Amino acid sequence: MQPGADLPKINPLTGKPFPVQVDDGKLQVELDSLSYEVLRKAGTEVAFTGQYYETETIGVYKCKACNAELFRSDEKFHSGCGWPSFYAPTKDDAVILLEDSSLAPRIRTEVRCAACGSHLGHVFEGEGYAVPTDQRWCINSVALVLEPKNT
Ligand SMILES: [Zn+2]
């Protein structure tokens, strides 16, 4: 992933176009610049600045670029890392995982929306959090829209 390059419209894992083809020109107009930078250029919001890192509101987190359901408040936990953290996505196939060597030699696992291919964040494993999966899905607030659920 070259900095500044728009993300591909083809799923690199399958070689097929993503089911939702986002219009980058339209998104650039509709979204604030940080959201666009994170979603479409694989940027990262500054830790502890995002809208959702602390929230405990019950609901579903959707992709800000295409509205696909990605995460739920049920799997959200306080990791202390400064970004919204989940121990699992809504469904395994809601996201795709790619190797990210942008901080080489450190290799990270990048998380993208499986519907539109937008960048969401990274997933880390084996950090010892007391969560069922031992995974921390570290997701940018600006990549998400929380749809609160009326209980
Ligand atoms: Zn999406």
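Reader: What counts as a nonpolar core?
Author: A set of buried Ala, Val, Leu, Ile, Met, Phe, Trp, Tyr and Cys residues joined through C-beta atoms within 7 Å. Buried means 20 or more other C-beta atoms within 10 Å, exposed 12 or fewer, partly exposed in between, with C-beta atoms placed from the backbone.

Reader: How many residues has the largest one?
Author: The largest nonpolar core has 30 residues. This is a predicted model: local features need pLDDT of at least 70, side-chain atom pairs count only at pLDDT 80 or more, and totals for chains, interfaces and linings use all residues. Numbering starts from 1 along each chain as its sequence is written.

Reader: Which residues have the most contacts inside that core?
Author: C63, L70, C113, C116, W137, I139 and A143.

Reader: Zoom in on C63. What does C63 touch?
Author: Leaving out residues up to four places away in sequence, C63 touches A68, L70, C113, A115, C116, S118 and A143. Touching means C-beta atoms, placed from the backbone, within 7 Å.

Reader: How many bridges between β1 and β9?
Author: Five, in the antiparallel sense, with β1 spanning residues 59-63. As one example, V60 has E147 of β9 as its bridge partner.

Reader: Switching to the backbone. Which peptide bond is cis?
Author: The bond joining A104 and P105 is cis, with omega about 10°. P105 is in the loop that connects β5 (95-103) to β6.

Reader: What about phi at N67?
Author: N67 is not a glycine, yet its phi is positive, about 75°. Most residues other than glycine have a negative phi. N67 belongs to the loop between β1 and β2. N67 counts as partly exposed because it has 14 C-beta neighbours inside 10 Å.

Reader: And D134, what is its phi?
Author: D134 also isn't a glycine, and its phi is positive at about 60°. Its place is the loop between β7 and β8.

Reader: Why is D134 called partly exposed?
Author: Because D134 has 13 other C-beta atoms within 10 Å.

Definitions and conventions: Pairing = 2+ DSSP bridges. Helix = DSSP H or I, 4+ residues; strand = E, 2+ residues; numbered from the N terminus. Contact = placed C-beta atoms within 7 Å.
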